[in-house]
Amino acid sequence: MIRLNRRAILGGAATLLAAPLARPALAQSGLADRPIRIIVPYNAGGITDVISRGVAVGLQATLGQPVVVENRAGANGTVGTLAAARATPDGTTITMGITDTFAINRSTFPNLPYNDETDFAPISMVTRVPFALMIGAHRREITDYASFVREARREAGRLSHASWGVGSSSHLAFEFVARAQGFEKLHVPFAAQAPGMQAVAAGQVDSMMLPVGGAESLARDNRARIVALAHANRIDLTPGVPTLAELGVPLSTGLWLALYAPARTPPAIIARLNEAVRTGMRHETTQAVFRQQAGVAEPSTPDELAAFARAERTQWAQLVREKNIRVEA
C-alpha cells in the first residue's frame, strides 16, 4: 500500500509546478488561463485539506495550469465557504464542500451567512470516507467497543470526546452512539480535525469520531485504538475492526467531499471543471491519497451532486432536530 503524508502530497504538487505545463485549449470553455484556487474551509492537516491537495495534483496535471489550496478556517467551515460564495464566478475559485458545510450547517447555525444551494454551482462529488471511533492510548482499560461502552456508562458524563465543532458531523456521529448506548459524555469541540486528533493522542481527551484515515495514522503509531467503524462493511485499512452495525448500533456514516463553484459560474466552465475532475482523479497521487483515507474516487454530474446534497440536508436536519443541537450565534 502506498502511504502519503501531507508533505508527500505537497511535494507532488511542487513537482508539477516546477515542470512545464501542457496548455490544453481552454478558450472554448471560458476557463481563464491562470491559477485555480481551491478554498478549504478548515485548517491544514485534516482530511478536507489532505483530500483537496491530492485532488489539486490531478487537476493541475489535467488542466495544465497551477492549482493551489487556500486554507480559510473558522466557524465550522462557514468562513471559507462564505469566501468561496463571494468569489468571482469565473472558475478560478472553487471550494471543497463537505457534509458539514453543505448539509449540516444550515440546520445548526441560526444565521448561516451563505445558502448552500443558491450561492453555489455543483461541480462534482469527489469521495466519501467512513468514520471510525477512536480511543486514546492512555485509556488502557478500553480495549474494544464493549469496554468503551462499559467505561462510558460507569463514568457518567466524564468520558470526553473531541470533535471539530459543535454540530459538526464528528459531534453528531458520536452523539448518535452515546444516545444509542445510553451514556452521558463530555464534549470537547476543537476548531478542526487535527487539533482534536492531537488532543486524543496526547491523552487530553479520551475519544473521537473521525474519518478512518486519521484514526488509522494514530493507531499505527500506537497513540490510539480504533474500536469500531461507522460503515456498512469492514475495510482493509483497519483489519479486524468491527462495524457498529455488527455491534448493535445501526450507524453507517462518514464524511463526503465535493467540489463547488460560486453561483452564476457559466455552464461551459462547470462542464470543463467536471471533465477535469473526472480525469484528474485518475492521477496516481490522487488515487494514493484516496486509498490512504479509505475512500475511492466518486465523480458525479453536477445534477447528481445537487440531488445527493438535497437528500443529505433532509437527513441531517432530522437528526439535528431530534438531538436539539444549535450553534450559538
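## Exercises on the packing of a predicted model

The buried residues of helix α4 pack against α3 (78–85), β3 (93–98), β4 (120–136), α6 (169–181), β9 (254–262) and α11 (302–323). The model examined in these exercises is predicted.

**Exercise 1.** Determine which residues of helix α4 are buried, and state what this implies for the helix.

*Solution.* Step 1: apply the cut-off, under which a residue is buried if its relative accessible area is under 20%. Step 2: list the residues of α4 that are buried, namely T99, D100, T101, F102, A103, I104, N105, S107 and T108. Step 3: relate this list to the length of the helix. Nine of the ten residues in α4 (residues 99–108) are buried, so the helix is largely enclosed by the rest of the structure.

**Exercise 2.** Describe the strand pairings of β7 and the burial of its residues.

*Solution.* Step 1: consider burial. Five of the five residues of β7 (residues 207–211) are buried. Step 2: consider β4, which pairs with β7 in the antiparallel sense over five bridges; there, S207 is the bridge partner of I135. Step 3: consider β5 (residues 160–163), which runs parallel to β7 and is joined to it by two bridges. In this pairing, H161 stands opposite S207.

**Exercise 3.** Identify the residues with the most contacts inside the largest nonpolar core, and trace the contacts of L59.

*Solution.* Step 1: the largest nonpolar core comprises 73 residues, and I38, I51, L59, Y145, F148, L244 and L259 have the most contacts inside it. Step 2: the element that gives the most to this core is β4, with nine residues. Step 3: leaving aside residues up to four places away in sequence, L59 touches I38, G64, V67, L259, A276, V277 and G280. Step 4: a second, separate core has 24 residues, among them F109, L172, W256 and A258.

**Exercise 4.** Classify the geometry of the aromatic pairs F148–F174 and W256–F308.

*Solution.* Step 1: recall that planes over 60 degrees apart count as edge-to-face. Step 2: the ring centres of F148 and F174 lie 6.2 Å apart and their planes stand at 85 degrees, so this pair is edge-to-face. Step 3: locate the partners. F148 belongs to helix α5 (residues 145–155) and F174 to helix α6, 26 residues apart. F148 is buried at 0% relative accessibility, and F174 is buried at 1%. Step 4: for W256 and F308, the centres are 5.2 Å apart and the planes at 80 degrees, so this pair is also edge-to-face. The pair links W256 in strand β9 to F308 in helix α11, 52 residues apart. W256 counts as buried at 2% relative accessibility.

Technical notes: Residues are numbered from 1 along each chain as its sequence is written. This is a predicted model: local features need pLDDT of at least 70, side-chain atom pairs count only at pLDDT 80 or more; totals for chains, interfaces and linings use all residues. Side-chain values use heavy atoms; hydrogens and water are left out. Buried means under 20% relative accessible area, exposed over 50%, partly exposed in between (1.4 Å probe, protein chains only). Helices (H or I, at least four residues) and strands (E, at least two) are DSSP runs, numbered from the N terminus. Contact means heavy atoms within 4.5 Å. A nonpolar core is a set of buried Ala, Val, Leu, Ile, Met, Phe, Trp, Tyr and Cys residues joined through side-chain atoms within 4.5 Å. Two strands pair if DSSP finds at least two bridges between them. Rings of Phe, Tyr and Trp (its six-membered ring) pair if their centres lie within 6.5 Å; planes under 30 degrees apart count as stacked, over 60 as edge-to-face and the rest as tilted.
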